[in-house]
Amino acid sequence: MTADPSARLATFAAGLTHADVPPAVMARMEDLFVDWLGSALAGRFAEPVQTIAAFARRMGPSEGSSEILIDRSSSSPLFAALVNGASSHVAEQDDVHNGSVFHPAAVVFPAALAVAQDVGASGKAFLAASVAGYEVGIRVGEFLGRSHYKVFHTTGTAGTLAAAAAAGRLLELSPEAMLHAFGSAGTQAAGLWEFLRDAADSKPLHTAKAAANGLIAAYLARDGFTGARQVLEGAKGMAAGMSSDADPAKLTDGLGTRWATAETSFKYHASCRHTHPAADALQKAMRENGLKAGDIERVVTRVHQGAIDVLGPVTNPATVHQAKFSMGTTLGLIAVTGKAGMVEFDEGFRNPAVVDFRDRVSMELDPEVDGAYPTRWIGKATVITRDGRVCEARVDEPKGDPGNTLSRAEIEAKVSGLALYGKAAGKAEMQRLFPRLWSVAERNAIGRLMD
């Protein structure tokens with residue numbers, strides 16, 4: 001069974017235990033878990049999340065074994081994963097793995113939490129299953145390659161497999177059953193970038209469905225439902241239909257020795273990750289040269305092709321969420337307000353000074369930056385001042401990358417701010433909650449996160 005990449009990946013996910021994961025990697029997973037909660041709470045009042053939550057209330061049970069974080073209600077695992085998956089991705093502050101251009105937290109934790117609460121799993125089992133989800137999802141994203149990302153939202157596609165791996169591990173699927181779960185997950189995998197052109201609500205739906213569909217695949221597999229054994233690399237599998245540069249070797253790259261979980265980055269700005277390297281470079285140029293927004297005539301960002309593909313269509317954002325995919329708006333907020341956070345986007349994306357700055361920002365393909373992508377996301381910016389100076393700035397590791405990471409104090413500050421933004425929990429409540437979150441591994445049963 002273990003000759004094929006899909007089967008080897010399924011065997012790994014089915015057998016992973018807390019003891020198999022190096023302590024430093026497990027500590028990183030704890031960081032990622034706490035960081036995720038902030039994004040899940042921040043999405044509470046976003047209209048797309050409210051719409052999906054209302055759908056869940058109509059279609060699902062009024063209460064159940066699994067927690068819906070935004071309003072502290074409960075439902076079945078399926079609908080809890082759906083709502084928590086949606087709320088996790090709307091703030092644009094959930095984590096990202098650079099090499100796969102994939103946001104693991106928004107799909108792995110909603111599925112893992114829902115199943116863990118349903119089956120009464122321990123904290124260690126929850127964390128180990130989450131690592132399995134990250135390791136599988138990241139490798140599937142890398143396998144599908146850069147061509148996939150031009151059209152497909154990898155978090156929606158690879159994320160379905162990631163959610164299935166996490167849910168399947170908690171359901172204690174055998175390697176054979178896990179492979180069937182992958183097959184059922186892969187045939188449901190979806191998510192297209194076209195929504196960005198219309199400022200449509202689809203992005204949180206991608207994560208909602210990835211989490212829910214992965215969970216469905218795992219529960220079905222537990223009950224004997226079969227799926228394609230080579231849904232990833234088969235002649236009519238995901239790669240065949242969704243990629244022109246897929247590399248099956250990446251599905252099993254370093255399983256058990258290379259921990260992709262530890263490569264995952266936190267998001268510091270509340271915008272698409274493709275904006276972050278340039279935003280950090282602009283901050284550096286302004287800081288080192290004593291510049292204010294009014295001093296700057298224009299900014300040329302040196303970017304990879306992925307940034308042009310995703311951000312290029314957004315020239316005049318109509319909504320806050322679309323503005324988060326605008327390089328000019330993000331840099332305009334950085335220049336005018338000093339930050340590109342949740343409040344700044346809400347209050348400032350139509351600010352005339354920000355709009356004026358936005359229209360003076362351009363993107364140019366840079367061979368070095370493009371060659372390093374997606375493994376490394378280098379930031380370069382050329383700032384031309386009104387008095388004729390040319391200021392160059394470069395950032396090799398944006399804030400939040402493993403080599404420029406957030407401390408636990410910074411994670412707590414970020415999560416508290418996001419919870420407060422979403423009016424989901426106050427600062428005092430979050431301070432009481434943090435010790436419980438950091439000690440999740442000690443729980444005999446994961447239980448509810450929010451009282």
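Mentor: Helices are DSSP runs of H or I with at least four residues, strands are DSSP runs of E with at least two, and both are numbered from the N terminus. The model is predicted, so local features need pLDDT of at least 70 and side-chain atom pairs count only at pLDDT 80 or more, while totals for chains, interfaces and linings use all residues. Residue numbers run from 1 along each chain as its sequence is written, and side-chain values use heavy atoms, with hydrogens and water left out.

Trainee: Which helices and strands each supply at least two residues of the lining of the second largest cavity?

Mentor: They are α12 (276–289), β3 (296–303) and β5 (379–385). A cavity is a set of points, on a 1 Å grid over the protein atoms alone, where a 1.4 Å probe fits but cannot get out, and its lining residues have an atom within 4 Å of a point. By that test H274, P277, A278, R302, V303, H304, V369, I378, G379 and K380 line the second largest cavity.

Trainee: What is the volume of the second largest cavity, and how many cavities of 30 Å³ or more does the rule give?

Mentor: A volume is the space filled by probe spheres set on the grid points, which are joined across faces, edges and corners. The second largest cavity has about 50 Å³, and the count comes to two cavities of 30 Å³ or more. The largest cavity has a volume of about 90 Å³. Among its 14 lining residues, H103, Y149, W193, C272 and H274 are the closest to its centre.

Trainee: How do the two linings divide by class?

Mentor: Ala, Val, Leu, Ile, Met, Phe, Trp, Tyr, Cys and Pro count as nonpolar, Asp, Glu, Lys and Arg as charged, and the others, Gly among them, as polar. On that scheme the largest cavity has seven nonpolar, three polar and four charged residues in its lining. The lining of the second largest cavity has five nonpolar, three polar and two charged residues.

Trainee: Why is the pair E92 and K267 called a salt bridge?

Mentor: The term requires a side-chain nitrogen of Lys or Arg within 4 Å of a carboxyl oxygen of Asp or Glu. In E92 and K267 the closest N and O atoms are 3.2 Å apart, so the pair qualifies. E92 lies in the loop between α4 (77–89) and α5 (105–119) and K267 in the loop between α11 (238–242) and α12, so the pair ties together parts that are 175 residues apart in sequence.

Trainee: What makes E92 and K267 count as buried?

Mentor: Buried means under 20% relative accessible area, exposed means over 50%, and partly exposed lies in between (1.4 Å probe, protein chains only). E92 stands at 1% and K267 at 0%, so both fall in the buried class.

Trainee: Which class holds each partner of the pair R146 and D370?

Mentor: R146 and D370 meet the salt-bridge criterion, since their closest N and O atoms are 2.7 Å apart. R146 lies in helix α6 (residues 123–151) and D370 in helix α18 (residues 367–372), 224 residues apart. At 32%, R146 is partly exposed, whereas D370, at 18%, is buried. The whole structure holds 28 salt bridges, and D366, E368, R376, K380, R394 and D396 are linked in a network of them.

Trainee: What makes the span of helix α19 agree with expectation?

Mentor: The expected span is 1.5 Å times one less than the number of residues. For the 14 residues of helix α19 (residues 408–421) this gives 20 Å, and the end C-alpha atoms are 20 Å apart, so the values agree. The buried residues of α19 pack against α2, α16 (342–348) and α20 (427–438). Just after α19, K423 takes a positive phi of about 50°.

Methods: On a 1 Å grid over the protein atoms alone, a cavity is a set of points where a 1.4 Å probe fits but cannot get out, and a pocket is an open set with protein on both sides within 12 Å along at least five of seven lines; lining residues have an atom within 4 Å of a point. Contact means heavy atoms within 4.5 Å.
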